[in-house]
Amino acid sequence: ELAPFFVRVNMVSPAHIEDSVDLYDTEKLPMKRAAKAEEVAQMVHLLLSPGGEYITGQNIEVAGGYLL
């Protein structure tokens with residue numbers, strides 16, 4: 001609806017972050033570790049950079065396969 005006005009709407013959904021207070025048992029995670037806050041920030045940076053200007057209407061999971 002907003003794309004014709006060059007308004008992009010995206011969401012970044014991290015699963016478990018290594019600095020979380022209630023961190024899940026990382027051995028049970030698919031990649032055996034939680035995400036680093038920097039990895040989530042890099043995805044946000046991509047969306048805000050010229051490389052992400054054609055991405056809209058997406059929920060991008062930075063979850064290391066946890067939500068599959």
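**Questions about a predicted model**

User: Where is V9 found?

Analyst: Helices (H or I, at least four residues) and strands (E, at least two) are DSSP runs here, numbered from the N terminus. Strand 1 covers 10–14, and V9 is found in the segment before strand 1.

User: What kind of model is this?

Analyst: A few ground rules go with the numbers: residues are numbered from 1 along each chain as its sequence is written, and side-chain values use heavy atoms, with hydrogens and water left out. Local features need pLDDT of at least 70, side-chain atom pairs count only at pLDDT 80 or more, totals for chains, interfaces and linings use all residues, and the model itself is predicted.

User: Does V9 count as buried, partly exposed or exposed?

Analyst: The scale runs on relative accessible area: under 20% is buried, over 50% is exposed, and anything in between is partly exposed (1.4 Å probe, protein chains only). V9 has 48% relative accessibility, so V9 counts as partly exposed.

User: What area does the nonpolar surface patch with V9 have?

Analyst: To join a patch, a residue needs over 30% relative accessible area and no salt bridge; like charges are joined within 9 Å, and nonpolar side chains (Val, Leu, Ile, Met, Phe, Trp, Tyr) within 5 Å. Areas come from the Shrake-Rupley method with a 1.4 Å probe, and for residues only the protein chains shown count as cover. L2, F5, V7 and V9 make this patch, at about 370 Å².

User: F6 is in the segment before strand 1 too. What is its phi?

Analyst: F6 has 78% relative accessibility, so F6 counts as exposed. Most residues other than glycine have a negative phi. F6 isn't a glycine, yet its phi is positive, about 60°.

User: Where does K32, another residue with a positive phi, lie?

Analyst: The phi of K32 is near 60°, and K32 is a residue other than glycine. At 48% relative accessibility, K32 counts as partly exposed. Its place is the loop between strand 1 and helix 1.

User: Which side chain meets R33 in a salt bridge?

Analyst: A salt bridge here means a side-chain nitrogen of Lys or Arg within 4 Å of a carboxyl oxygen of Asp or Glu. Side chains of opposite charge can pair when their charged atoms come close. The structure holds 1 such bridge. The distance is 2.8 Å, N to O, and the partner of R33 is E39.

User: How exposed is E39, as a relative accessible area?

Analyst: R33 counts as partly exposed because its relative accessibility is 36%. E39 is partly exposed as well, with a relative accessible area of 26%.

User: How much space lies in the largest pocket?

Analyst: On a 1 Å grid over the protein atoms alone, a pocket is an open set of points where a 1.4 Å probe fits, with protein on both sides within 12 Å along at least five of seven lines; lining residues have an atom within 4 Å of a point. Points are joined across faces, edges and corners, and a volume is the space filled by probe spheres set on them. For the largest pocket, that comes to about 160 Å³.

User: Of the 13 residues that line the largest pocket, which are the closest to its centre?

Analyst: By class, the lining has 9 nonpolar, 2 polar and 2 charged residues. Ala, Val, Leu, Ile, Met, Phe, Trp, Tyr, Cys and Pro count as nonpolar, Asp, Glu, Lys and Arg as charged, and the others, Gly among them, as polar. The closest to the centre are M31, R33, A35, A63 and G64.

User: How far apart in space are A35 and E18?

Analyst: A35 is found in the loop between strand 1 and helix 1, and at 11% relative accessibility it counts as buried. A35 and E18 are 17 residues apart in sequence, and their C-alpha separation is 5.8 Å.
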